[in-house]
Amino acid sequence: MLRFLLDLHTAEDDRRFTEDVILEQSDVSVIKAKGIVVSFLARHEIQVPLLHTHPRWIGRGAGGQLLNHAETHGPGTLELWCFRAKVGARRFYERHGIAAVELTDGARNEAMTPDLRYRWGRSRFAET
């Protein structure tokens, strides 16, 4: 995890937010291995507020499977935000055909860190 994110919230705060907000408001898809969740994607309408893969499972295809499922079974467009410093995540999204459509200086996010808005759409990135 990036150092700047470690100081924003406690692990308990993050867990509570995920359970009480993200999971309550989102459609969630999971990939399990031996009965344990190794990757999950939360989608709320076109927004993907959370895509997480356990570090030991990165590079094994679980995240890609979840994106493919969201793309084919969702509303036809997906949007998500990613910190610019998360180079591996950015490569993953771009490899899966998700394009950066907005770059910011971070002034509007809680971490005050430069980020990007990504979009995938069957209609090929029509701006709204």
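Visitor: How do β1 and β2 pair, and over how many bridges?
Guide: Strands β1 and β2 run in the antiparallel sense and share seven bridges. Two strands count as paired if DSSP finds at least two bridges between them. Helices (H or I, at least four residues) and strands (E, at least two) are DSSP runs, numbered from the N terminus.

Visitor: Which residue in β2 is the bridge partner of aspartate 27?
Guide: The partner is arginine 43.

Visitor: And what do β1 and β2 form?
Guide: They form a hairpin with two residues between them. In the turn, lysine 34 has a positive phi of about 55 degrees.

Visitor: Where does this model come from, and which features need a pLDDT of at least 70?
Guide: This is a predicted model, in which local features need pLDDT of at least 70 and side-chain atom pairs count only at pLDDT 80 or more, while totals for chains, interfaces and linings use all residues. Residues are numbered from 1 along each chain as its sequence is written, and side-chain values use heavy atoms, with hydrogens and water left out.

Visitor: What is the mean pLDDT of the protein chain?
Guide: The mean is 90, and 91% of the residues reach 70 or more. The term pLDDT denotes the predictor's confidence in each residue, from 0 to 100. Over residues 124-128 the value is below 50.

Visitor: Changing topic: how many residues has the largest nonpolar core?
Guide: That core has 19 residues, and Leu41, Leu51, Leu67, Tyr93 and Tyr118 have the most contacts inside it. A nonpolar core is a set of buried Ala, Val, Leu, Ile, Met, Phe, Trp, Tyr and Cys residues joined through side-chain atoms within 4.5 Å. Buried means under 20% relative accessible area, exposed over 50%, and partly exposed in between (1.4 Å probe, protein chains only).

Visitor: Which elements give two or more residues to this core?
Guide: They are β1 (27-33), β2 (36-44), β3 (47-53), α3 (62-73), β4 (77-83), α4 (87-95) and β6 (115-121). Helix α3 gives the most, with four residues.

Visitor: What does leucine 51 touch?
Guide: Not counting residues up to four places away in sequence, leucine 51 touches Ser39, Phe40, Leu41, Leu66, Leu67, Phe92 and Tyr93. Contact means heavy atoms within 4.5 Å.

Visitor: How many aromatic pairs does the structure hold?
Guide: There are two. Rings of Phe, Tyr and Trp (its six-membered ring) pair if their centres lie within 6.5 Å; planes under 30 degrees apart count as stacked, over 60 as edge-to-face and the rest as tilted. The ring centres of phenylalanine 92 and tyrosine 93 are 5.6 Å apart with planes at 65 degrees, so this pair is edge-to-face. For tyrosine 93 and tyrosine 118, the centres are 5.5 Å apart and the planes at 55 degrees, so that pair is tilted. This second pair links distant parts of the chain, with tyrosine 93 in helix α4 and tyrosine 118 in strand β6, 25 residues apart.

Visitor: Is tyrosine 118 buried or exposed?
Guide: Tyrosine 118 is buried, at a relative accessible area of 0%. Tyrosine 93 is also buried, at 9%.

Visitor: Lastly, where does arginine 84 lie?
Guide: Arginine 84 lies in the loop between β4 and α4. With a relative accessible area of 31%, arginine 84 is partly exposed.
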